[in-house]
Amino acid sequence: MITVLNGWAVQSIGYSTYLPLGRPEILAENFDRWQLDEILVVAIDAGQTGDGPRLDIVEAISRMQITTPLSYLGGIRGPGDAKALINAGADRVVMESLFIDDPDEAGAVAAAIGRQAVIRAQPMHLENGRVLAHDPRGKYPDRPIDALGLLESTNQPFSELFLIDWKNEGKAAAFDSRLLAPFLNTDLQLICFGGISEKTQVSALFDFDCVSAAAVGNALSWKELAHRDLMKATEVDAVRAISYGKVTRGAREW
């Protein structure tokens, strides 16, 4: 995962503190060399301006001619933006706010580019034993995830759910696996993010059938060749055993 603020890649800590890393396309080039499964660019300020997604960032990464599949999150307003991102070089789009503010428009995106190319992002946390959905904008109060229809595993306009442990985002070895409990008996496939930095965490997450990927951000920037601490070279092609639902089975095959 590459977090972008004002055009620069940054380390994000708890959605409040940001440390500069450099140009997003250079990080993407490094991640491509590491043969990671997928690269996700998150432009955290794109949705604040209302100007739409940062096509320039996607285009800059595309010019690096990387072969790793590229996904993008930030400022997507509808099918037009999604198509523009695909044309700019993205393989998939990730949406968070649009699914909350205008579910019909989010569904229109899936209809335009295919649900396999759409991921839904949702920050969550645990409170009094309940898993609640969180809106970082403060526009909506925290709500049980079933109130958002996130436990309905049929006819969803997305292929995977990007589950963000927002309270532990930016921390080391802190992802709360209890957030997975509501999804254990569903057909939804989850990409887990937030506080994932250790190989033991990744291995434990893949013990859950509902987990299709572990997303890593800051931990890949703490030291040189940090990916070697997360998986062996021989595990690259097997790390994503289940992905994009039951039909296709992994970013490389897809």
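**View 1. The largest pocket and its lining.** In this predicted model, 31 residues line the largest pocket, and those nearest its centre are Ala43, Ile44, Gly47, Glu96 and Ser97. Two or more lining residues come from each of β4 (39-43), α2 (46-49), β6 (92-95), α5 (97-101) and β10 (160-165). The space inside comes to about 740 Å³. Sorted by class, the lining has 16 nonpolar, 9 polar and 6 charged residues. A pocket here is an open set of points on a 1 Å grid over the protein atoms alone, where a 1.4 Å probe fits and protein lies on both sides within 12 Å along at least five of seven lines; a cavity is a set where that probe fits but cannot get out, and lining residues have an atom within 4 Å of a point. Points are joined across faces, edges and corners, and volume is the space filled by probe spheres set on them. Nonpolar means Ala, Val, Leu, Ile, Met, Phe, Trp, Tyr, Cys and Pro; charged means Asp, Glu, Lys and Arg; the others, Gly among them, are polar. Helices (H or I, at least four residues) and strands (E, at least two) are DSSP runs, numbered from the N terminus.

**View 2. The second largest cavity.** This cavity holds about 170 Å³ of space. Of its 23 lining residues, Ser12, Phe193, Gly217, Asn218 and Ala219 sit nearest the centre. β1 (2-5) and β2 (8-13) are the elements giving two or more residues to the lining, and β2 gives the most, with 4 residues.

**View 3. Helix α3 against helix α4.** The axes of α3 (residues 55-62) and α4 (residues 79-88) come within 8 Å and cross at roughly 20°. That makes the two roughly parallel (angles under 35 degrees). Axes are lines fitted to C-alpha atoms, for helices over the stretch in contact, with angles from 0 to 180 degrees between N-to-C directions. Leu55, Val58, Glu59 and Ser62 of α3 meet Ala84, Leu85 and Ala88 of α4 (heavy atoms within 4.5 Å). By class, that contact has 5 nonpolar, 1 polar and 1 charged residues.

**View 4. Helix α1 against helix α3.** Here α1 (residues 24-33) packs on α3 at an angle of about 40°, with the axes 9 Å apart. Pro24, Glu25 and Ala28 from α1 meet Ile57, Ala60 and Ile61 from α3.

**Notes.** Residues are numbered from 1 along each chain as its sequence is written. Local features need pLDDT of at least 70 and side-chain atom pairs pLDDT 80 or more, while totals for chains, interfaces and linings use all residues; side-chain values use heavy atoms, without hydrogens and water.

Definitions and conventions: Parallel < 35°, antiparallel > 145°, perpendicular 65-115°, else oblique.
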